[in-house]
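Here is a short briefing on one protein model.

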Amino acid sequence: MRIVILYRCTGRATIFLEGAIDLATVSAVRAALSVCRAYKVAGVDVEMSAVRFCDASGLHVLLAASKHFAESEADVLLHHPPPIVRRLLELTGTGFLLAEDTPSRAHEDFRQARDAA
């Protein structure tokens, strides 16, 4: 699992995830979301274009983060989830996590952040 966090001038953060979100990696995803919450960002965009798998433990972390951020009037939105994640969201009725508006530079930002790391 590779994770990169970018803080934007809009007050939002973007977390770029690469790899699988499962029992072995879920603690790293939770930690990244917790860091964003500690910085009191206005919301978190989770870029998932490089995620190849997500199990129920990954979904649980995203849902818990969504609930915690909502308590401070912030949100967690998923961008570009792969088909397997879309199917998981559909089956569980948790599609509200999906972003309606997609950041126009998300893929380019991810490549730059990955190359810099």
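Two strands count as paired if DSSP finds at least two bridges between them. Helices (H or I, at least four residues) and strands (E, at least two) are DSSP runs, numbered from the N terminus. The model is predicted: local features need pLDDT of at least 70, side-chain atom pairs count only at pLDDT 80 or more, and totals for chains, interfaces and linings use all residues. Residues are numbered from 1 along each chain as its sequence is written, and side-chain values use heavy atoms, leaving out hydrogens and water.

**Sheet**
- Four strands form an open sheet in the order S1-S2-S3-S4, with mixed pairing.
- Strand S1 (2-7) and strand S4 (75-79) are the edges, each pairing on one side only.
- Neighbouring strands are turned by 20° against each other on average, direction ignored. Axes are lines fitted to C-alpha atoms, for helices over the stretch in contact; angles run from 0 to 180 degrees between N-to-C directions.
- Strands S2 (residues 12-21) and S3 (residues 43-54) run parallel, joined by nine bridges.
- Ala13 stands opposite Val44 in S3.

**Helices on the sheet**
- Helix H1 (residues 26-38) packs on the sheet and touches S1, S2 and S3 (contact: heavy atoms within 4.5 Å). The direction of H1 makes about 10° with that of S1.
- Helix H3 (residues 83-92) also packs on the sheet, touching S3 and S4. The direction of H3 makes about 115° with that of S3.

**Tyr39**
- Tyr39 lies in the loop between H1 and S3.
- Tyr39 is exposed, with a relative accessible area of 59% (exposed means over 50%, with a 1.4 Å probe and protein chains only).

Technical notes
Buried means under 20% relative accessible area, exposed over 50%, partly exposed in between (1.4 Å probe, protein chains only).
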